[in-house]
Amino acid sequence: MKFKKVLKYVVFLVIIASLGFLYSFSSVRNQQKKVSEIVIEFEDGDNNFLTHAMVNKLLIQNDSSVINQAKSVINLYGLEKQVAKNPYVEKASVFLTIKGTLKSIIKQRTPVARIIADGSSYYVDRQGLKVPLSENYSARVILVSGVEKDEEIKEILPLISKILEDDFLQKEVVGIQKSDASDYKFSVRSGNYKIDFGKLEEVDVKFKKLKAFYNKTFLDKTIQNYKTINVKYHNQVVCTK
């Protein structure tokens, strides 16, 4: 009985030792493998600021491609940080597969408006981060003028979000101009008239009035008779022809 008990322990220790050796051997072999290819995937979205070639240029280590470098020397954190620094990248992950493929999955920034100020122009995303214009892709977003400072951008973002959340307003409002008196005016897609929105107060009430006015004037086809539609006054819509 005692011999059988000892034998069981010996067999158990041999199995553990064998598994440890196999794991260690396999791990060393895996680290010695070289990177055979780079695969870049972009998460779903309408933005095409980046191309595969542009990201490939970011996946560089010690001034050379990671292809044919041993997996053990690849600095995944460093590569990921390098890709994430690109102004068009919102989120990036870089990892190696067992077969030696270096994979990068990227989410590109989503611009919500294009700011035009002091002869320059740039996009902002939902967080208010500035995104430079791109030679590869032009985003169809609301044009905003009269807004220059970061605080002014933060102030207008809730208004832009409100417009983008509404199917009709998203298609209709193409431009927002802020005056020196902090009043806002909209340019629209359906005509040459302007929407005088006033200050950023009672925003929901003003949009409700505007949509009710649109419903009526689209129906009787009188919308094109107006030059300005003013919704900034309480409980009324004032129009000029």
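User: Which residues line the largest cavity?

Analyst: In this predicted model, the largest cavity is lined by E202, V205, K206, K209, V231, K232, Y233, H234 and N235. A cavity here is a set of points, on a 1 Å grid over the protein atoms alone, where a 1.4 Å probe fits but cannot get out, and lining residues have an atom within 4 Å of a point.

User: And how do the residues of that lining divide?

Analyst: The lining of the largest cavity divides into 3 nonpolar, 2 polar and 4 charged residues. Here Ala, Val, Leu, Ile, Met, Phe, Trp, Tyr, Cys and Pro count as nonpolar, Asp, Glu, Lys and Arg as charged, and the others, Gly among them, as polar.

User: What volume does the largest cavity have?

Analyst: The largest cavity has a volume of about 40 Å³, and the structure holds 1 cavity of 30 Å³ or more. A volume is the space filled by probe spheres set on the grid points, which are joined across faces, edges and corners.

User: Before I go on, what should I know about the model?

Analyst: Because it is predicted, local features need pLDDT of at least 70 and side-chain atom pairs count only at pLDDT 80 or more, while totals for chains, interfaces and linings use all residues. Residues are numbered from 1 along each chain as its sequence is written, and side-chain values use heavy atoms, with hydrogens and water left out.

User: OK, pockets next. What is the volume of the largest pocket?

Analyst: The largest pocket has a volume of about 750 Å³, where a pocket is an open set of points with protein on both sides within 12 Å along at least five of seven lines. It is lined by 29 residues, of which D46, N47, P111, R140 and V141 lie nearest its centre. Elements that give two or more residues to this lining include β5 (101–108), β6 (111–117) and α4, and the largest share, 3 residues, comes from β5. Helices (DSSP runs of H or I, at least four residues) and strands (runs of E, at least two) are numbered from the N terminus.

User: You mentioned α4. Where is it kinked?

Analyst: A kink of about 30° lies at I156 in α4, shortly before the proline P158; the bend is the angle between axes fitted to the seven residues ending there and the seven starting there. The end C-alpha atoms of α4 (residues 150–164) are 21 Å apart, which agrees with the 21 Å that its 15 residues should span at 1.5 Å a residue, the expected span being 1.5 Å times one less than the number of residues.

User: And which residues of α4 are buried?

Analyst: E152, I153, I156, L157, L159, I160, I163 and L164 are buried in α4, where buried means under 20% relative accessible area, exposed over 50% and partly exposed in between (1.4 Å probe, protein chains only).
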